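Please look at the sequence and the structure below before reading on. The report that follows takes up the pairing of the protein chains and then the DNA.

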2 protein chains.
Amino acid sequence: MSDENYPELRLENQLCFPLYACAKEVVHAYKPFLDKLDLTYTQYIAMMVLWEKKACNVKELGEMLYLNSGTLTPLLKKLESKGYIERKRSINDERILNISLTDKGQELQKEALFVPMSVGSCIKLSAEEAKTLYMLLYKVLGLLKNEEIE
Amino acid sequence: MSDENYPELRLENQLCFPLYACAKEVVHAYKPFLDKLDLTYTQYIAMMVLWEKKACNVKELGEMLYLNSGTLTPLLKKLESKGYIERKRSINDERILNISLTDKGQELQKEALFVPMSVGSCIKLSAEEAKTLYMLLYKVLGLLKNEEIE
DNA sequence: TTAAGAGAAATTGTGTACAATTTAATTGTA
DNA sequence: TACAATTAAATTGTACACAATTTCTCTTAA
């Protein structure tokens with residue numbers, strides 16, 4: 001059966017594809033809710049870091065979000081232009097750009113509270129399943145990070 | 001403890017973030033191997049569909065890959081310019097663009113055989129874990145797809 | 001038979017995403 | 001001290017990714 005050749009190259013036999021597709025679809029599921037806040041998904045996760053930490057620099061943010069300055073620089077300028085954050089060079093070390101929440105950015109957190117629950121109600125996994133998925137994803141992330149070091 | 005406010009908005013308490021980060025890092029892990037084939041990740045998964053089906057149209061490909069024509073049109077033109085595929089309007093219905101493998105595209109499959117194993121060796125999950133992860137990802141994809149219909 | 005509606009792909013505009021390079025600042029060391 | 005090496009962001013160039021619109025084709029119903 002020639003159709004059965006190279007089964008390892010079939011989309012359905014790969015982990016990477018459902019991961020790739022699932023991530024895209026989950027981001028897509030956020031869109032209608034984030035639209036109400038005038039945030040994109042990437043802007044939203046950047047704001048989440050700031051809501052938690054209040055302030056950080058570009059390098060730290062990049063490490064947390066797995067994003068580099070090529071992505072972050074324009075994104076942070078956008079968030080600044082919306083009035084949610086401030087960008088200021090560090091006084092001690094001018095290479096470093098410190099990001100901090102404005103009052104308006106802080107306020108936005110309250111308006112964003114409905115988002116996780118709204119999306120959660122679209123993805124009806126059991127607590128057990130969610131926990132397993134969470135654990136496995138962080139395991140893969142860990143494995144890939146080790147790979148870089150070796 | 002003011003730091004503990006709004007725990008539902010903490011990055012670490014969300015499923016979406018590890019999913020997003022993990023998908024990006026897995027695509028990143030493919031890069032060194034796909035570079036040898038001069039393919040990007042998206043081009044690679046498009047080729048995987050064609051290696052399996054030999055031919056399809058843009059709409060079908062989009063449904064399988066969760067991608068729309070805005071992404072696929074330039075990507076398929078690129079694969080055509082590399083000589084891996086042919087793009088031809090359907091004779092029966094000129095709206096439809098049929099994609100088919102060229103001999104060169106078919107040949108490329110043999111060279112791509114090492115890719116899944118190479119990436120697999122970076123992501124050392126047990127067979128059990130991989131199966132669970134696979135199942136959960138397809139479950140989420142299914143839940144999100146149902147959401148659209150309702 | 002033809003105009004309205006539906007479909008498929010292409011196009012446009014915005015926003016990531018990253019590799020590679022550049023710029024500017026700091027650090028380490030001879 | 002002085003300069004090479006390092007570091008942090010910004011910039012540049014390429015490639016997605018998708019919403020909204022457009023173009024062209026096909027179907028359908030009056």
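## How the two chains meet

In this predicted model, the contact, counted where heavy atoms lie within 4.5 Å, takes 59 residues from chain A and 59 residues from chain B. Together the two chains bury about 6300 Å², of which 72% is on carbon and sulfur atoms; buried area is the accessible area, found with a 1.4 Å probe, that two parts lose on being put together, summed over both.

Across this interface the rule finds 4 salt bridges, a salt bridge being a side-chain nitrogen of Lys or Arg within 4 Å of a carboxyl oxygen of Asp or Glu. One of them joins Glu129(B) to Lys139(A), whose closest N and O atoms are 2.7 Å apart. On the side of chain A that touches chain B, the residues divide into 42 nonpolar, 5 polar and 12 charged, where Ala, Val, Leu, Ile, Met, Phe, Trp, Tyr, Cys and Pro count as nonpolar, Asp, Glu, Lys and Arg as charged, and the others, Gly among them, as polar.

## Symmetry of the pair

Two copies of a chain are related by a rotation about an axis and a shift along it. Here chain A can be laid on chain B with an RMSD of 0.1 Å by a turn of 180° and a shift of 0.0 Å along the axis, the copies being superposed by least squares on the C-alpha atoms of residues with pLDDT of at least 70 in both. That is the relation of a two-fold axis, and the same surface serves both copies, since 100% of the contact residues of chain A recur in chain B.

## DNA strand D

There are 30 residues around DNA strand D, and Tyr20(A), Ser69(A), Thr73(A), Thr40(B) and Lys78(B) come nearest; a residue is near a strand if one of its heavy atoms lies within 4 Å of it. By class, this surface has 7 nonpolar, 12 polar and 11 charged residues. Of the atoms of DNA strand D within 4 Å of the protein, 78% belong to sugar or phosphate, and the rest belong to bases.

For Lys24(A), the distance from a side-chain N or O atom to a phosphate oxygen is 3.3 Å.

## Notes on the model

Residues are numbered from 1 along each chain as its sequence is written, and chains are lettered from A and ligands numbered from 1 in the order in which they are written. Local features need pLDDT of at least 70, side-chain atom pairs count only at pLDDT 80 or more, and totals for chains, interfaces and linings use all residues, while side-chain values use heavy atoms, with hydrogens and water left out.

Terms used:
A polar contact is a pair of N or O atoms within 3.5 Å; within protein, one must be able to donate a hydrogen and the other to accept it, and residues adjacent in sequence count only if both atoms are side-chain atoms.
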